[in-house]
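I am opening my notebook on this structure and want to write down, entry by entry, what I looked up in it.

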Amino acid sequence: MCLAIPVLIKSIDDKEAEAEIGGITRRISLRLTPEAKVGDYVLVHTGYAINVLDQEQAEETLALLREIAEAEEAG
Amino acid sequence: MKYITEFRRSELAEGLISHIKRSSKTPARFMEFCGGHTVTIFRYGIRQVLPQNIEMVSGPGCPICVTANADLDKAFALAQIPDVIIATFGDMLKVPGSRSSLQKIKAEGAGVMTVYSTMDALKAAEDNPDKPVVFLGIGFETTAPTVAASILQAEERGIKNYYVLSLHKLCPPVIRALLDAGEVELGGLVCPGHVSTIIGSHPWEFIANEYGIPCVVSGFEPLDILQCVDMLVEQVEKGQSKVEIAYRRGVRPEGNRQALKLMEQVFEPCPARWRGMGEVADSGLKLREKYRRFDAEANFELKPGPVAEPAGCICGDILRGVKKPADCPLFGKVCLPESPVGPCMVSSEGSCSAYYLYGEGRGG
């Protein structure tokens, strides 16, 4: 029910945007994320972007997980 | 970065699993509050790769499952009013109330339409100006701002035949009620990711501070859950209890201020009935007086009839985390996804549905 998926914003028209998910374009509302820009990935829940995904944080998380995996492999 | 496959990489999962196994020394029970987390845990076989020390239990985080029959009956009574069109998310159709379901009522000729978004419900209201369109507002803090936004849009666009039956529920108050009931002892809480996208991580602090339970906000990919469990284990082993965010790409500590602002503008807290938990103070949302003209409850006379609960169904106990689906005598026998007795078998995020789909507790 709280499902939200990452989609890429292709274009913005006032409070709505065209967003792409897996090659399909869909119209979403930006009323909850007025800061969203073209090229951002947003989390979409029931047609509304609820958050602009933070790429820097995502990369930091993955880097941390890589560190853990490398440390575990090294034993 | 596409934010999906990156968080499903097996070599990173192996690292986390190995780290969890090495660090975990103390037996602990972690509750995943959210039904979406339950689904990830089952889909990726996460229970099977965790050490025996760690027990995962599902919580009440499935909005459809926790909606009490008395409230479902109200929705069904609305659907039976001539000319009313009910707009609802598809997973509500099969949910049984005391006597019926939207699917049955629809088959009998009632106006029930499935929508993907409140934006579709608004369009239906514009396309059918002579008919009241009522959106069934069932959901947690993730969904409530989208419903608030729809009411504000209806106001802006002068749509006069759009209504909301607000059965929204708030998560922190019910977790407090669950902990105060003292039926289930928790060593850690996997906090709901997309609820936290809206409300932030601060509203969970009382759980860590007052109840001494470690809290970690998790995303919905397998690496997210494993990272969350790893962080919970670390807190358990260090004897700490604090709120941390594992899902940093999707959750900020302060949440989404714009969404919170709209939600607060349109709704105010009220008591709400939860299946299995009864009435919990300030755990629901009702429309503020200013938006009363959009409130289905204030504008239609509803006669839902007496409430009846399905005999033998233990959804309430399962939602409180005190019983598991396999403990239910109906599970997998008379209660099946195609003929559900209780809501936890209907919703794709319900515990019974997840247990059934992924074969746990079905025997054989």
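**Entry 1: a residue in a loop**

I began with B:D83, which has 10 C-beta neighbours inside 10 Å and therefore counts as exposed, since the cut-off for exposed is 12 or fewer. I keep in mind throughout that this is a predicted model. I found B:D83 in the loop of chain B between α5 (69–79) and β3 (85–88). Its phi is positive, about 75°, although B:D83 is not a glycine.

I then turned to B:Y3, another non-glycine residue with a positive phi, in this case about 70°. B:Y3 sits in the segment before α1 of chain B. Is B:Y3 buried or exposed, given its count of C-beta neighbours inside 10 Å? I noted 21 of these neighbours, so B:Y3 counts as buried, the cut-off for buried being 20 or more.

**Entry 2: a proline and its surroundings**

Next I looked up B:P214, which lies in the loop between α11 (205–211) and β8 (215–217) of chain B. It counts as buried because it has 25 C-beta neighbours inside 10 Å. Leaving aside residues up to four places away in sequence, I listed what B:P214 touches, and among these residues are B:G188, B:A208, B:L232 and B:V236.

**Entry 3: the largest nonpolar core**

I wrote down as background that nonpolar side chains tend to be buried together in soluble globular proteins. Here the largest nonpolar core has 144 residues, and those touching the most other members are B:I86, B:V134 and B:V229. Helix α12 (residues 222–238) of chain B gives the most to this core, namely nine residues. Which residues does B:I86 touch, if those up to four places away in sequence are not counted? I found B:L78, B:A79, B:L102, B:G111, B:V112, B:V134 and B:L136.

**Entry 4: where the two chains meet**

I moved on to the contact between chain A and chain B, which takes 30 residues from chain A and 44 residues from chain B. On the side of chain A that touches chain B, the largest share comes from α1(A), with ten residues. I sorted the residues of this side of chain A into 17 nonpolar, nine polar and four charged.

**Entry 5: the helix α1(A)**

As background, an α-helix has 3.6 residues a turn, so residues three or four places apart point the same way.

After α1(A) comes A:G75, with a positive phi near 75°.

Methods:
Residues are numbered from 1 along each chain as its sequence is written. Chains are lettered from A and ligands numbered from 1 in the order in which they are written. This is a predicted model: local features need pLDDT of at least 70, side-chain atom pairs count only at pLDDT 80 or more; totals for chains, interfaces and linings use all residues. A nonpolar core is a set of buried Ala, Val, Leu, Ile, Met, Phe, Trp, Tyr and Cys residues joined through C-beta atoms within 7 Å. Helices (H or I, at least four residues) and strands (E, at least two) are DSSP runs, numbered from the N terminus. Two residues are in contact if their C-beta atoms, placed from the backbone, lie within 7 Å. Ala, Val, Leu, Ile, Met, Phe, Trp, Tyr, Cys and Pro count as nonpolar, Asp, Glu, Lys and Arg as charged, and the others, Gly among them, as polar.
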